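Work through the exercises below with the sequence and the structure at hand. Each task is followed by a solution in steps.

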Amino acid sequence: MEISGIISAIIIGIIIGVLGRLVVPGRQRIGILLTIVVGIVAALIGAAIASGLGVADTNGIDWIEWLIQIGLAAVGIAALDRSRARR
């Protein structure tokens, strides 16, 4: 993976993580670094799911892929928040 791919993955992870965090109601007790990591993982898994469903390559913006990625980020952030609350 080239440096430009790593930088773009971080930027997309930030966007997906922040959007996923906005979807989850209430205050989350996780930091920005965990939000970025969750966003990057959600972006990668969401892209794989969208590719498997055949909706990854469309003309224009891939709205369905974005929705899958944001949904996965929201689930990941909610799960991390709940695991932190139990400690």
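Predicted model: local features only at pLDDT ≥ 70, side-chain atom pairs only at ≥ 80, totals over all residues.

**Exercise 1.** Is Leu-22 buried or exposed?

Residues are numbered from 1 along each chain as its sequence is written, and side-chain values use heavy atoms, with hydrogens and water left out.

Step 1. Helices are DSSP runs of H or I with at least four residues, numbered from the N terminus.

Step 2. Apply the cut-offs: buried means under 20% relative accessible area, exposed over 50%, and partly exposed in between (1.4 Å probe, protein chains only). Leu-22 has 65% relative accessibility and therefore counts as exposed.

**Exercise 2.** Determine which elements supply the nonpolar surface patch that includes Leu-22.

Step 1. The patch also includes Ile-3, Ile-15, Ile-32 and Leu-33, and its residues together have about 1000 Å² of accessible area. Such a patch joins nonpolar side chains (Val, Leu, Ile, Met, Phe, Trp, Tyr) within 5 Å, from residues with over 30% relative accessible area and no salt bridge. The areas come from the Shrake-Rupley method with a 1.4 Å probe, and for residues only the protein chains shown count as cover.

Step 2. Two or more residues come from each of helix 1 (3-23) and helix 2. Helix 1 gives the largest share, 9 residues.

**Exercise 3.** Describe the surroundings of Thr-35.

Step 1. Thr-35 belongs to helix 2, residues 32-53. Its relative accessible area is 1%, so Thr-35 is buried.

Step 2. Not counting residues up to four places away in sequence, Thr-35 touches Gly-13, Gly-17, Val-18, Arg-21, Ile-30 and Ile-77. Contact here means heavy atoms within 4.5 Å.

**Exercise 4.** Which side chains meet in a salt bridge with an N to O distance of 3.7 Å?

Step 1. The criterion is a side-chain nitrogen of Lys or Arg within 4 Å of a carboxyl oxygen of Asp or Glu. The structure holds 1 salt bridge.

Step 2. The partners are Asp-81 and Arg-29. They connect distant parts of the chain, 52 residues apart: Asp-81 is in helix 3, and Arg-29 is in the loop between helix 1 and helix 2.

Step 3. Asp-81 is buried because its relative accessible area is 11%, whereas Arg-29, at 44% relative accessibility, counts as partly exposed.

Step 4. Beyond its neighbours within four places in sequence, Asp-81 is in contact with Arg-27, Gln-28, Arg-29 and Ile-30.

Note on methods:
Patch = residues over 30% accessible without salt bridge, like charges linked within 9 Å, V, L, I, M, F, W, Y side chains within 5 Å.
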